[in-house]
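Welcome! Please take a moment to look over the sequence and the 3D structure before reading on.

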Amino acid sequence: MTIRYYILGLALCLMSCKSQKEIINYTGSPDEVLSGILEEEVQSTDAAVAGVSLTVISPQLGIDFSGASGYDSMIKDHVLTPDQPFRIASLTKTFVATSILRLREKGLVTIDDPITNYISKEHIAILENGGYTPSKITVKQCMMHTSGLFDYAEGNMDYINEASKDPNKRWTRTEQIQWAMDHGKPQGAPGENYHYSDTGYVLLGEIIEKQTGKGLAQGMRELLKFDELGMSSTWLESLEDRPNGLPTSVRRYMDTLDASDWDNSVDLYGGGGLQSTTRDLAVYLQALFSDKIYEQSETIPVMLLKSEFSGDPLTEYRLGFGYIKGKSGIEAYLHSGFWGTLFIHFPAYNCSIAINHTNDESNGALQKVINYVQWLAENQ
C-alpha cells in the first residue's frame, strides 16, 4: 500500500513540473472529459482493466462528477455502475483515525496516552508476551504507524496464505493480534521508525468500541456523522446491516483470484472493513477537510501533524493519511486500499477524488484526472 503512495508521489512531481513541453487542450465539460478518461482506461490495450468508477468533487473548480466504465467483475458479465459499493480495505484506516480524533474532541481519548489506558488486559498481555512494551506505545504512534507493531496482515505472506486455506473462517481481533505476535518480530522501539501496521489499527478499533460503548460500527457511524452527511452507501460490513436498495457489490480480486466471498473478518476491525462507493468517499473527504465532521478548529491541524519521518514519500504518513507534496508545492492527502481503491484530497483546489478499479491493474486514469484538475485550476 505504501508503494502506491510512492507511485503517486512521482506522478504528482511529473504533473506539477512547469518545464513540461506538451500541453493538452481539454475540450468539453468536466463530465465529458472525465467520462472520456474512464472509457480510455478500460479500452486501453496497455492494461487489462475490467472496470473503473470515479467521483471528483471540487466546488472551486466547478466539478461534481460520478461515473463508471467497464464491468464489476473480471468475468465481464455485468456493466459497472457508479452506485455499486465495494470493500475499501485500508481506506477504512482514515475513518478510524478520524474517529479517534473525534473521541479526543469529546475528552474521551488523549492521543499521547499509552494504549494500555484504553485496551483490554487480555490484549496487553498478548503484546507483552510477544516482546512489546505496550505501556510505551501511544495512541498517536498507532495512528502514524510508528508503534513498532508487526503488521499481521501484510508483514509477510503468512496471514494471506492461511486465510486462503479457509476463506469462510470468522477471524477475531484477538486472533489477529496474536497472529502478529506469532509470525513477526517488533519492528523497532515505539517512535523509532515508520512501519505500516494493521495491528495498530485493530487496536484503535478496540479503543473506539470501548470509549463509545456502542460497538465499532455504530460508534464510527455516529462520530463521523454518516447519516448527517448522506453517506447512505457506507457501512461496516457484517457488523451492521447492509443498507437497503444498494446494487450488488463490485467483485474483489487478489491478482486473478476472486476473494469477494471470503469472510470479511479477514480485514474488519479497524485496518479495513468498510464498504462504500466513490461518491460517498469523495463526500466524506470534502466534509472532513471542510470542518463538517470535526467540531473544534484545532483538530484538522492535529490530524495533519508532520511525521517525524517526513521527507520520504514512503513514510510521509499523518494521522490517518499519507502525504505527498509535488515539485510546484501542491499538497495532497491520500490513502489507498488493498483491492484497488484510492482517494485523495487537494486542499489548494478544494478537490476530492475517489477511484476504484474492479481489478487493480492501472493508475493511468488517476494520473489523467489529476492532470485535468490542475489544468482546470490553471485555466479558469
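What follows is a short tour, taken one region at a time.

## Before we start

This is a predicted model, in which local features need pLDDT of at least 70 and side-chain atom pairs count only at pLDDT 80 or more, while totals for chains, interfaces and linings use all residues. Residues are numbered from 1 along each chain as its sequence is written, and side-chain values use heavy atoms, with hydrogens and water left out.

Let us begin with helix 4, residues 121–129. Helices here are DSSP runs of H or I with at least four residues, strands are E runs of at least two, and both are numbered from the N terminus. Which residues of helix 4 are buried? They are His 123, Ile 124, Ile 126 and Leu 127. These residues lie on the same side of helix 4 because they cover an arc of only 160° around the axis, the arc being that of the directions from the helix axis to the C-beta atoms. Buried means under 20% relative accessible area, exposed over 50%, and partly exposed in between, with a 1.4 Å probe and protein chains only.

On the other side of helix 4, Lys 121 and Asn 129 are exposed. The buried residues of helix 4 pack against helix 7 (173–183) and helix 8 (198–212); contact means heavy atoms within 4.5 Å. Just after helix 4 comes Gly 131, with a positive phi of about 100°.

## Two nonpolar cores

A nonpolar core is a set of buried Ala, Val, Leu, Ile, Met, Phe, Trp, Tyr and Cys residues joined through side-chain atoms within 4.5 Å. The largest one has 84 residues, of which Phe 95, Ile 100, Val 139 and Met 143 touch the most other members. Helix 11 (residues 278–289) gives the largest share of this core, 7 residues. A second, separate core holds 32 residues, including Ile 324 and Tyr 372.

Not counting residues up to four places away in sequence, the contacts of Val 139 include Ile 100, Tyr 118 and Leu 204. Thr 98 sits in helix 3 (residues 92–105) and counts as buried because its relative accessibility is 0%. With the residues up to four places away in sequence again not counted, Thr 98 touches Leu 224, Tyr 284, Leu 288, Ile 293 and Tyr 294.

## Where helix 6 meets helix 7

Two packed helices are described by the angle between their axes and the distance between the axes. For helix 6 (residues 158–165) and helix 7, the axes come within 11 Å and cross at roughly 125°. Axes are lines fitted to C-alpha atoms, for helices over the stretch in contact, and angles run from 0 to 180 degrees between N-to-C directions. Helix 6 and helix 7 are therefore oblique to each other: angles under 35 degrees count as roughly parallel, over 145 as roughly antiparallel, 65 to 115 as roughly perpendicular and the rest as oblique.

Helix 6 brings Asp 158, Tyr 159 and Glu 162 to the contact, and helix 7 brings Gln 176, Trp 179 and His 183.

## Two loop residues

His 145 is in the loop between helix 5 (139–144) and helix 6. Its phi is near 60°, a positive value in a residue other than glycine, and His 145 is buried, with a relative accessible area of 1%.

Asn 350 belongs to the loop between strand 10 (341–346) and strand 11 (351–357). Although not a glycine, Asn 350 has a positive phi of about 45°. Asn 350 counts as partly exposed, at 22% relative accessibility.
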